[in-house]
Amino acid sequence: MKYILLLSILLAQHVVAQQKNTTDAESITALKNTINYLADDKLEGRRTGTPGEKLAYEFIVAQFHQTGLQPLGTNKTFIQEFEVKDGREIKKETALYIQGKAAELNTDYFPLAYSGNVKDLMFADGSDTSIQYYDLKTVLEENKTNPHFDLKENIYTTAKKAASDGKRLFVIYNSPSPKEDLLFDAREKADRLKIPVVFYGKQTKFSGNVVLNIDIAEKQRFGHNVIGYINNNATSTIVLGAHYDHLGYGEDHNSLYVANPPMVHNGADDNASGVAALIELSKWLKSSNLKKYNFAFVAFSGEELGLYGSKYFTDHSPFDLKSVNYMLNMDMLGRLNDSTHGLNIGGYGTSATWGELIKKEDPFFKIKQDSSGMGPSDHTSFYQKDIPVLYFFTGSHSDYHKPSDDADKINFNGELAVINYIKRLLTATDKKEKLVFTKTRDVSSGKSSFKVSLGIMPDYTFDGNGVRVDAVIDNRPAQKAGIQTGDIIYQLGSNSFNDVQTYMQALNKFDKGQATKVKLRRGKDEVVLDIVF
């Protein structure tokens with residue numbers, strides 16, 4: 001009898017093991033299918049607002065639909081569209097005629113990106129006193145011993161004064177330096193001026209009559225979040241998210257690949273891996289017995305541009321954000337090291353409950369906990385709405401933001417282990433009441449690091465000149481210097497910047513303990529503060 005009982009137990013264990021092995025094999029196959037598709041060259045890097053992004057979101061929609069998720073986007077679809085400011089462009093109406101002959105755009109002349117627009121602006125003679133000329137050779141010679149001289153800033157300031165003095169046209173000419181220094185910058189954030197500002201690459205001023213048309217317009221593109229939902233008729237919802245966009249060919253200047261020609265960035269780890277996990281978890285939760293909470297699954301776009309999609313979602317959520325229990329963000333889960341099993345979990349400090357459930361002494365993973373609710377990924381947008389978050393990340397690597405981040409380097413078994421860890425966490429919270437939010441103090445270093453930190457969270461969607469402060473971190477240099485939420489920072493020491501990318505470049509020029517000045521706009525006031533890194 002004992003033998004029969006033992007045999008029954010062993011058979012039952014064997015069946016369970018077989019079922020587990022079959023389930024794991026199916027999950028591995030599904031992960032491979034998703035990552036191989038999203039990281040295929042034909043998607044051209046899934047850059048926000050491109051045909052490659054469309055192919056990606058159509059794939060995710062099909063997966064959500066097949067799983068049986070409820071669409072929670074716009075007009076009963078899975079899609080939530082949002083606008084992305086895409087810089088400035090010269091329209092075809094732009095033209096310059098001298099003595100009735102057309103000058104060639106970008107060869108003979110070009111407008112600067114902050115130029116005012118005009119139609120049929122005429123001068124009977126190029127020596128008209130309402131034209132102000134700016135001789136680069138003279139200006140550079142006069143300032144050759146000035147270490148703080150900034151040519152581009154000087155041009156803008158001089159042109160702005162010319163407009164206030166009643167001039168009708170500002171012309172830059174006679175450059176002894178490479179023309180590339182003053183090319184039309186589509187990413188220019190400086191305010192547009194009231195008069196046209198034109199670089200004229202001849203060695204003399206205009207001669208004879210002049211007719212000028214300038215038409216510079218703001219470019220737009222549109223990103224698309226994908227939102228699926230499991231409605232368990234609960235009062236609270238758990239949000240699971242992962243961004244699916246990537247860098248395209250590096251057109252947005254966020255690639256670490258500097259060679260030519262441009263190459264497609266497939267982003268297998270960043271973040272086809274996170275999307276694959278999101279899809280697998282949606283299937284599991286749809287068939288699970290976890291019914292205490294509703295579940296929302298969001299594949300964000302615009303993350304690589306600066307959290308555009310998640311920020312838009314949290315500002316235009318299809319359900320009340322106060323009902324959200326917590327948000328789990330999965331960004332780069334595909335490179336688990338088989339030797340160390342290192343798993344980074346951010347947001348650990350955003351609720352006391354995480355301390356009860358997440359232990360460093362895990363039997364498989366070597367867990368690195370980061371208490372901060374903020375970092376360079378989409379969970380930050382939820383944390384800023386006072387929602388507990390967790391951020392799962394298997395670590396950075398040499399292929400980060402390079403064309404070499406391909407599917408053949410993904411550790412699929414490692415990713416499945418991370419997914420199973422998240423499943424256990426979801427199961428544990430199903431037995432808990434709605435989590436209580438805790439504000440954290442520090443900023444995560446996340447996927448990149450700097451020698452120093454200012455201690456702010458930039459508003460990545462701000463399209464003005466400078467960096468708008470979305471949040472100030474306690475006990476960091478910014479707070480100690482008196483920087484406030486809503487301030488627009490535009491200079492650190494002698495380093496001016498007009499967006500987040502150039503701000504990061506300026507920040508990297510400083511060392512820990514170094515003191516400098518920070519210049520910012522606060523409302524209508526210009527403010528200068530002392531700061532120590």
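**Burial, strands and rings**

Reply: Tyr400 is buried, its relative accessible area being 12%, where buried means under 20% relative accessible area, exposed over 50% and partly exposed in between, with a 1.4 Å probe and protein chains only. This is a predicted model, in which local features need pLDDT of at least 70 and side-chain atom pairs count only at pLDDT 80 or more, while totals for chains, interfaces and linings use all residues. Residues are numbered from 1 along each chain as its sequence is written, and side-chain values use heavy atoms, with hydrogens and water left out.

Me: Where is Tyr400, then?

Reply: Tyr400 is in the loop between β17 (389–393) and α9, with helices (H or I, at least four residues) and strands (E, at least two) taken as DSSP runs numbered from the N terminus.

Me: And how far apart are Tyr400 and Ser282 in space?

Reply: From C-alpha to C-alpha they are 27 Å apart, and in sequence 118 residues separate Tyr400 and Ser282.

Me: Switching to strand β9, which residues are on its two sides?

Reply: In β9 (residues 197–200), Val197 and Phe199 are on one side and Val198 and Tyr200 on the other, and all of them are buried, so both faces are covered. As a general point, side chains in a regular strand alternate between the two faces of the sheet.

Me: Which strands are joined to β9, and how do they run?

Reply: Strand β5 (residues 109–111) runs antiparallel to β9 and is joined to it by three bridges, whereas strand β8 (residues 169–173) runs parallel to β9 with four bridges; two strands pair if DSSP finds at least two bridges between them. Phe199 in β9 has Phe110 opposite, and Ile172 also stands opposite Phe199.

Me: New topic: Ser255, buried or exposed?

Reply: Ser255 counts as buried because its relative accessibility is 17%, and Ser255 lies in the loop between β12 (237–243) and α5 (268–287).

Me: What does the side chain of Ser255 make a polar contact with?

Reply: The side chain of Ser255 makes a polar contact with the side chain of His265 at 2.7 Å, and a polar atom of the Ser255 side chain lies 3.3 Å from the backbone oxygen of His401. A polar contact is a pair of N or O atoms within 3.5 Å; within protein, one must be able to donate a hydrogen and the other to accept it, and residues adjacent in sequence count only if both atoms are side-chain atoms. Leaving aside residues up to four places away in sequence, Ser255 touches Leu247, Gly250, His265 and His401, contact meaning heavy atoms within 4.5 Å.

Me: How many aromatic pairs are there?

Reply: The count comes to 22 aromatic pairs, where rings of Phe, Tyr and Trp (its six-membered ring) pair if their centres lie within 6.5 Å, and planes under 30 degrees apart count as stacked, over 60 as edge-to-face and the rest as tilted. The rings of Phe300 and Phe313 form an edge-to-face pair, because their centres are 6.1 Å apart and their planes are at 80°. Phe300 is in strand β13 (residues 294–300) and Phe313 in helix α6 (residues 308–315), so this pair ties together parts that are 13 residues apart in sequence.

Me: Are those two buried or exposed?

Reply: Phe300 counts as buried at 0% relative accessibility, and Phe313 is buried with a relative accessible area of 0%.

Me: Which residues do ring pairs link into a cluster?

Reply: Tyr229, Phe300, Phe313, Phe319 and Phe382 are linked into a cluster by ring pairs.
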